[in-house]
Amino acid sequence: MVLTIDVAVLLAVVILLRLRRRTEARSRSDEKLTVAVVLVFGILIAPTAFGQGVLDVVGQLAQGVTRSGTP
């Protein structure tokens with residue numbers, strides 16, 4: 001039996017655990033590490049179908065906001 005763990009799934013779990021901590025308990029270096037982990041996670045999911053779906057949704061949302069601001 002071979003157990004495989006997708007790196008993106010593992011990083012998602014790490015991100016969730018890190019973000020559950022209280023803001024007051026975080027140091028500046030801890031926040032920088034969280035940002036770095038989130039950036040790596042974004043790079044890993046970007047070429048996947050899920051990442052493309054998120055990109056499409058965010059793009060449509062941004063277009064809607066832009067259109068609502070024009071008279």
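Biologist: How many helices and how many strands does the chain have?

Modeller: This is a predicted model, in which local features need pLDDT of at least 70, side-chain atom pairs count only at pLDDT 80 or more, and totals for chains, interfaces and linings use all residues. Residues are numbered from 1 along each chain as its sequence is written, and side-chain values use heavy atoms, with hydrogens and water left out. Helices (H or I, at least four residues) and strands (E, at least two) are DSSP runs, numbered from the N terminus. Read along the sequence, the pattern is α-α-α, and the count is 3 helices and 0 strands.

Biologist: What share of the 71 residues counts as buried?

Modeller: Buried means under 20% relative accessible area, exposed over 50%, and partly exposed in between (1.4 Å probe, protein chains only). Of the 71 residues, the buried share is 14%.

Biologist: Does helix H3 lie largely in the open or largely buried, and how many of its 21 residues are buried?

Modeller: H3 covers residues 49-69. H3 lies largely in the open, because its number of buried residues is 1.

Biologist: Which side chains meet in a salt bridge?

Modeller: Side chains of opposite charge can pair when their charged atoms come close. The criterion here is a side-chain nitrogen of Lys or Arg within 4 Å of a carboxyl oxygen of Asp or Glu. The structure holds 1 such bridge; at 2.0 Å, N to O, its partners are arginine 18 and aspartate 30.

Biologist: Which residues make up the largest nonpolar core?

Modeller: A nonpolar core is a set of buried Ala, Val, Leu, Ile, Met, Phe, Trp, Tyr and Cys residues joined through side-chain atoms within 4.5 Å. H1 and H2 are the elements giving two or more residues to this one. The core has 6 residues: Ala8, Leu11, Ile15, Val37, Phe41 and Ile45.

Biologist: Which residues does alanine 8 contact?

Modeller: Neighbours within four places in sequence are left aside. That leaves Phe41, Leu44 and Ile45.

Terms used. Expected span 1.5 Å × (residues − 1). Contact = heavy atoms within 4.5 Å.
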